[in-house]
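Here are my notes on the model. Please read them with the structure open.

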Amino acid sequence: MIEFIQATKIYGKSDRAALDHLNLKVGDGCVYGFLGPNGAGKTTAIRLLTGALRATDGQVLVNGIDVGKEPVKAKKLIGFVPDSQDMYDKLTGWEYLNFMADIFGVSTADRKERGERYLERFEMSQAARDRISSYSRGMKQKIAAIGALIHNPPVWVLDEPMVGLDPRAAFLLKEEMTNRAKEGATVFFSTHVLEVAEKLCDRVGIINKGKLLAEGTPEELQAKTGDESLEQVFLEMTGGDPAEAEAK
Ligand SMILES: Nc1ncnc2c1ncn2[C@@H]1O[C@H](COP(=O)(O)OP(=O)(O)O)[C@@H](O)[C@H]1O
Ligand SMILES: [Mg+2]
């Protein structure tokens, strides 16, 4: 379970909050899509959640644990796939998985079982013997995803996971996100790509300029606005306020 309570981030001397009093609760067993255009505040929210950034105000809880107050404890509950994969190029896939398993204190038996299982699911069993430097972007993304699951975290967080993935890799990743949620995990990911969210998510939140504009199941959002597709809802909500444009 993830809970943002009035979570706010103001960078440096900026006069605008990159994340503005976000209130959001994401339950176990849910695939949650955090949607918004570039610069909306998605990565900022995720960095507060993973403990990479401290909130200027408010709190973020992971399974009831305050990330700001008990970062080490909270981080153990999270598997995180960042939006860029410039990682440990010299390691082979398996060395990377062992490295992640070491960090989280995963037993030899568990890392072998999980590593083999996920490598197979992501069609990476062969590649895991090769150095990451030889991987395509999609392969790096997949090994990062597996590395984030090696400690079997109850919360899986992915920042723009579909960017740069070929259709097959995207399919496998989406399938695994659904699987993890079915097993009871909380899966939270950001995207600016609508098609992904509409099919995959149990619930979505639409964010723009640091503010959560709408939240619910895709059907609820469509019903609320009377729109036919989530894309229309999204475009209307994030397309810019004409009044505000005039004021500039
Ligand atoms: N390290 C930083 N320092 C200053 N401003 C930042 C920093 N990171 C992000 N921002 C600003 O915060 C806002 C939200 O950015 P971000 O969370 O990266 O959005 P998203 O992930 O939705 O594209 C943007 O206006 C961005 O320019
Ligand atoms: Mg981002």
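1. Terms first. A residue is buried if 20 or more other C-beta atoms lie within 10 Å of its own, exposed if 12 or fewer, and partly exposed in between, with C-beta atoms placed from the backbone. Helices are DSSP runs (H or I, at least four residues), numbered from the N terminus, as are strands (E, at least two).

2. Basis. This is a predicted model: local features need pLDDT of at least 70, side-chain atom pairs count only at pLDDT 80 or more, and totals for chains, interfaces and linings use all residues. Residues are numbered from 1 along each chain as its sequence is written, and chains are lettered from A and ligands numbered from 1 in the order in which they are written.

3. Helix α3 spans residues 93–103, and its buried residues are G93, W94, Y96, L97, M100 and A101. They line one face of the helix, because they fall within an arc of 160 degrees seen down the axis of α3. The arc is taken from the directions from the helix axis to the C-beta atoms. These buried residues pack against α4 (108–121) and α5 (137–147); contact means C-beta atoms, placed from the backbone, within 7 Å. Just after α3, G105 has a positive phi of about 65 degrees.

4. Domains. The assignment, automatic or from a database, gives domain 1 (1–77 + 154–213) and domain 2 (85–152). Their C-alpha centres lie 22 Å apart. Domain 1 brings 10 residues to the contact and domain 2 brings 11. On the domain 1 side, helix α6 (residues 167–182) supplies the largest share, four residues.

Key. Contact = placed C-beta atoms within 7 Å.
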